Amino acid sequence: MSTAQHHEDEALGKAYDSRLMRRLLKYVRPYKWIVVAATALLIAGAFLQISLTFLTQIGIDTYITKGKEQGFGLIALAFLGVAILRLTFSYGENLLTALLGQKVQHDIRMQIFRKMQSLPLSYYDKNPVGRMLTRVTNDVNVLNELFSAGVVTIIGDLVMLLLIVCALLYYSWQLALVTFIVLPLLIIATALFRKKVRETYRDIRTKLARLNAFMQEHLTGITLVQLFRQEKRTHDRFNDINQSLRDSNFRSVYYYAIFFPAAEIIGALSIGLLLYYGGGQIYAGHLTFGELVAFIHLVERFYGPIRDLAEKYNVLQSAMASSERVFELLDTPSEKAQIIETVARHEKFSGKIELEHVWFAYNGDNWVLRDVSFTVEPGQKVAIVGATGAGKSSLISLLYRFYDYQKGLIKLDGVDLKSLSTEKIRSHFALVLQDVYLFSGDLASNVRLRRSDISDAAVSNALERVGFDRFLLNMPGGISTIVKERGATLSTGQKQLLSFARALAFNPDILILDEATSSVDSETETMIQKALDTLLEKRTAIVIAHRLSTIEKADKIVVLHHGQVREIGTHSELLEKKGIYHTLYLMQYRKQAPARTVSESIAP
C-alpha cells in the first residue's frame, strides 16, 4: 500500500458521532467548575446584550423622539455601564474557555504519549511516524479549539438565539413572522456550506497527515537524500504534496467566502422586509420608531449566532474527525500487561532461558522462526549465528516481548515469558544494538536514560570501564558534554562504546549483544572486547554477531538457518562437523578455500 493510499484510508468515518462526543466530554469532567463559570458568564453576557437593545428603544421613544432632555444622561450612563459589564463578562468567559481548552489539550496529549510508549513494535511497523506526530500535534490542537471556542460558545449562541426570538415576539409577533420568512433560505445555504466544508476538511486532514509523514521520513533520511543527490526529486515531490494541501485549504476558504456574503444578503433581505412592513406599522400606530430600531438591531444580532453556529459546526466536524483518529490510537491494544510476579518469588534471579519448539511469524504463516529449541544456562555465554534473514534478531525481539510467538514456549527462570509483565522481563535484560540510538542531551543522560538512581560517579565509572574515558579527555564538558540529535557529533565507535557504558550502568542480569561490533573498526573492536570481559563477568549473555572472532570463546553457539536451529556446539565442535558454521568460518577466514555456499553445506 502506498503512503498516499495509507493516509487516504484514515480519512474515512462518520461526520458526527454522539459516542465520540460523549468520550470527549469525559475529559471536561475534572474541570466542570470552569465550564459552569464560563457558561454563567456567557449567559449573563447574552442578557446584557439584549438589555442594550431595550435601553436603545427606551432612549429613542422616551427621550429622542419626544425631545426630552432631562433623564437622557442616565440612559446613556446605563448603556455605558451595561456595555462595560458585558465586555468584562466576555473577557472572563474567553479566559476560562481558553483555560479549559489548554487543560483538556494537555490531558489528551499526555494520554496519547503514554499510549504510544505502551504500543507494541508491530504497531509502528504498520504506521508511519509522521502520522503519529499528526495525532499528538494537529489533531489535539483541533480538540483544543473545540473546547476553547466550541462547546461553551455553542451554548451561548443557542441562549442568545432563544433570547432574541423571545424579544422579537415581545415587540411584534407579526414582524417576527416577517423575519422568519427568509429563514428557509439561510437553512439551505447553511446545509450546503456544512456539506462542502466537511468534505474539504477531511481532505485537508488527509493531505496534512501525508505532508507530515513525508517530511519526517525525508528529514530523518536527509543523509541518504544528499548522498544520492535526490534533493530536486524530493523537493518536487514535497511541492506536489504541499500544493495539494494548499488547494484544499483554498477550497475551504472559497466556501467560506461564498457562505458569509450569502448570509449577509439574506440578512439584508430580512431587514428590507422589516423596513417596508415596519414603516406601515409605525404609520398605523401599531409600532413606535424606537421599537422598529430595536427590532432591526435584534434581527441583525439574530443572524450573528446563526452564522457563528455554522462556523462552530465546522469546528465540531473537525473535532469529530480528529477525535475519531485519536480514539482509534487510544483504543489500540497495548502490550499485554498480565502481571504474575512469579520471578519475584525466587530469592535470586538466575538468568536461565529455555526455548521449546518456538514458532514465530510477523504476518500469517510466513514463519520467521520454525520449531526453535535450545537452553541458555545461568552465567553461560551463548552465541547465535546465521546468514542474513536467518531469524537472529527476531529471536531477540521475542525475548524482550516486542512481539509474541505463536507456538511453543519460552521460559525465564522456569516461568512462561507470556505470564510475566514486560516491565519485569526487561528489568533483567540489557540490549546493545548495532544501530545505537542517542537522544539530544548530554553524555550522562544518554548513559543513565533519566534513571535518577544512577549517579554521575556511576556514569563516569561505566564510561571508564568501556574505554570511553580516552575520548572524554578531549571533551571540555566531561560527562556533561552536549550530544546532538541521534549523536551526530560522535563517531560510530564512540556511540557503540556509549551503548556499552549504558548497559554496564544498568547492571543487567542478562546481556544481549545484537551485532554490537559489526560496524566498528579493529582498534575500537579491541577496546570493546576488553570491556566485554568485564561486562560479561558472572552474567548470562546472548551474542549475535557476523564477526565470528567475537564469539569463538562462547560456551555454546547456536546456528540458525532459514529460521531453524541446524547446529549447536562450541566453536571447535562446530568446525569439526564441517557444516554451516564451518562454511561461515571459511567465508570469513579462508577465502582461498574453494567457495561453498551455506545452502550447499546443509544438503541432506
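This report walks through a predicted protein model, from its overall make-up to single contacts.

## The model and its confidence

The model is predicted: local features need pLDDT of at least 70, side-chain atom pairs count only at pLDDT 80 or more, and totals for chains, interfaces and linings use all residues. Residues are numbered from 1 along each chain as its sequence is written, and side-chain values use heavy atoms, with hydrogens and water left out.

pLDDT is the predictor's confidence in each residue, from 0 to 100. The protein averages 81, and 89% of the residues score at least 70. Over residues 337-347 the pLDDT is below 50. Beyond near neighbours in sequence, that stretch has 20 contacts in the model. A contact means heavy atoms within 4.5 Å. Residues 591-604 also stay under 50. For them the model has 18 contacts beyond four places in sequence.

## Overall make-up

The protein holds 22 helices and 12 strands. Helices (H or I, at least four residues) and strands (E, at least two) are DSSP runs, numbered from the N terminus. Of the 604 residues, 48% count as buried. Buried means under 20% relative accessible area, exposed over 50%, and partly exposed in between (1.4 Å probe, protein chains only).

The accessible surface comes to about 30900 Å². Carbon and sulfur atoms account for 58% of this surface. Accessible areas come from the Shrake-Rupley method with a 1.4 Å probe; for residues, only the protein chains shown count as cover. Now take contacts between residues at least 6 apart in sequence: 77% of them join residues at least 24 apart.

Strand 11 covers residues 556-561, and six of its six residues are buried. In a regular strand the side chains alternate between the two faces of the sheet. Here Lys556, Val558 and Leu560 point one way, while Ile557, Val559 and His561 point the other way. Residues on both sides are buried.

Strands of a sheet pair through backbone hydrogen bonds, either parallel or antiparallel. Two strands count as paired if DSSP finds at least two bridges between them. Strand 11 pairs with strand 3 (residues 381-385) in the parallel sense, over four bridges. There, Ala383 has Ile557 as its bridge partner. Strand 11 also runs antiparallel to strand 12 (residues 564-569), joined by five bridges. In strand 12, Ile557 has Gly569 as its bridge partner. Strands 11 and 12 form a hairpin with two residues between them, and His562 takes a positive phi near 55° in this hairpin.

Another group of four strands forms an open sheet with antiparallel pairing, in the order 2-1-4-5. Its edge strands are strand 2 (367-376) and strand 5 (415-416), and each pairs on one side only.

Strand 1 (residues 353-361) and strand 4 (residues 407-412) run antiparallel, joined by five bridges.

## Salt bridges

The whole structure has nine salt bridges. In each, a side-chain nitrogen of Lys or Arg lies within 4 Å of a carboxyl oxygen of Asp or Glu. One of them joins Arg23 and Asp331 at 2.9 Å, N to O. This pair links distant parts of the chain, 308 residues apart. Arg23 sits in helix 2 (residues 18-25), and Asp331 in the loop between helix 12 (289-330) and strand 1. Arg23 is partly exposed at 23% relative accessibility, and Asp331 is partly exposed at 45%.

Lys232 and Asp236 also meet in a salt bridge, at 2.9 Å, N to O. They are four residues apart in helix 11 (residues 231-283), so about one helical turn separates them. Lys232 is exposed at 61%, whereas Asp236 is partly exposed at 31%. Asp456 and Arg448 form another salt bridge, with their closest N and O atoms 2.4 Å apart. Asp456 is partly exposed at 44%, but Arg448 is buried at 16%. A network of salt bridges links Asp203, Lys207 and Arg251.

## A nonpolar surface patch

Leu74, Leu77, Leu80 and Ile84 form a nonpolar patch on the surface, with about 430 Å² of accessible area together. Patches are made of residues with over 30% relative accessible area and no salt bridge: like charges are joined within 9 Å, and nonpolar side chains (Val, Leu, Ile, Met, Phe, Trp, Tyr) within 5 Å. Leu74 is found in helix 4 (residues 72-118). Its relative accessible area is 63%, so Leu74 counts as exposed.
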